[in-house]
Structures are given as structure tokens and as C-alpha cells.
Amino acid sequence: IMQLSQRCIELINQIYGRHIASIAHCFAKLHVRHRVLITALIERAMLNHVKKTFNCQDIGNLTWAFASLGIRNMEFMNSLADWVVENQMLPNFNTQELANTVWAYATLDCTHVPLME
């Protein structure tokens, strides 16, 4: 796991939405909370040119992963929710993506009023 984490960090400037969501999801499935990697993923995901590459599945998987690992970064969760609302993505979520996202925000006790309206 340490070697995989290190390699992900080395390639951080080459990864985008799908990659970030997949990496986070895999580490959550393994119950591995690698702080340095998570920090790098959050910092990368908050860049506007990266954030715009997230699709609905990526958002559902990423929020599920963070909630599963107990990663409560309000700045990131609010930024992601703002992105979803501003780009009117919510109507495009399927039931699984919606369930994952709602569960994640509830689990992390993140209340983002515009997203929840």
C-alpha cells in the first residue's frame, strides 16, 4: 500500500476527476487512510481545471470514499457541493450516485443548504 500511495503522490499532477475518485474509492474499500495521499487528492481536486473533470459517478464515489474513511474536510466538501449546484449536475445523478452523495454528506455531518434544497 505504501508503494502505491507514493506512486499516486508522484503522479498527482497528472490525475483528474475519475482518477481521484477511483484512487480514493479503492483506498476506502481497503480501509486505508493515508493522510499524505488524501491531502494531495483534496488539493488536486479543488483546482478548478480538475474539478470540472468530475462527473456524477466520480462525485458519488469520491464523497462515499471520504465518508467511509471519516475524512471530514468541510472546505473540500463545500467546494464540491458548490460545483455540483453551480453546474446544475444534480439532475444528472442516477440513484446510486445520489444515494452515495447524500449518505456521505449525512455521515460527515456536512450541511450544504443549496445542495440539500
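Are phenylalanine 66 and phenylalanine 76 buried or exposed? Phenylalanine 66 is buried, and phenylalanine 76 is buried as well. Buried denotes a relative accessible area under 20%, exposed over 50%, and partly exposed the range in between (1.4 Å probe, protein chains only). The model is predicted: local features need pLDDT of at least 70, side-chain atom pairs count only at pLDDT 80 or more, and totals for chains, interfaces and linings use all residues. Residues are numbered from 1 along each chain as its sequence is written, and side-chain values use heavy atoms, with hydrogens and water left out.

Rings of Phe, Tyr and Trp (its six-membered ring) pair if their centres lie within 6.5 Å; planes under 30 degrees apart are stacked, over 60 edge-to-face, and the rest tilted. The count comes to 1 aromatic pair. The ring centres of phenylalanine 66 and phenylalanine 76 are 5.4 Å apart and the planes meet at 50°, so the pair is tilted. Phenylalanine 66 belongs to helix α5 (residues 56–69) and phenylalanine 76 to helix α6 (residues 74–86), so the pair ties together parts that are 10 residues apart in sequence. Helices (H or I, at least four residues) and strands (E, at least two) are DSSP runs, numbered from the N terminus. A charge also sits over a ring: arginine 44 lies over the face of tyrosine 16, at 4.8 Å from the ring centre. The criterion is NZ of Lys or CZ of Arg within 6 Å of the ring centre and within 35 degrees of the ring normal.

Helix α5 also packs against helix α2 (residues 17–29). The angle is about 35°, and the axes are 8 Å apart. Axes are lines fitted to C-alpha atoms, for helices over the stretch in contact; angles run from 0 to 180 degrees between N-to-C directions. The crossing of α2 past α5 is left-handed, meaning that the near helix is turned anticlockwise from the far one by less than a right angle (clockwise would be right-handed). Contact requires heavy atoms within 4.5 Å.

Cysteine pairing was examined next. The whole structure holds 0 disulfides, the cut-off being a pair of cysteine sulfur atoms within 2.5 Å. The sulfur of cysteine 26 is 9.0 Å from the closest cysteine sulfur, in cysteine 8, too far for a bond. Cysteine 26 is partly exposed, at a relative accessible area of 45%. Cysteine 56 is in no disulfide either; its nearest cysteine sulfur, in cysteine 110, is 19 Å away. Cysteine 56 is buried, with a relative accessible area of 10%.

Glutamine 88 sits in the loop between α6 and α7 (95–107) and is exposed, with a relative accessible area of 61%.

Valine 85 lies in helix α6. At 33% relative accessibility, valine 85 is partly exposed. Beyond its neighbours within four places in sequence, valine 85 contacts His112, Pro114 and Leu115. Arginine 35 lies in helix α3 (residues 35–45) and is exposed, with a relative accessible area of 61%. Arginine 35 and glutamine 88 are 31 Å apart, C-alpha to C-alpha, and 53 residues apart in sequence.
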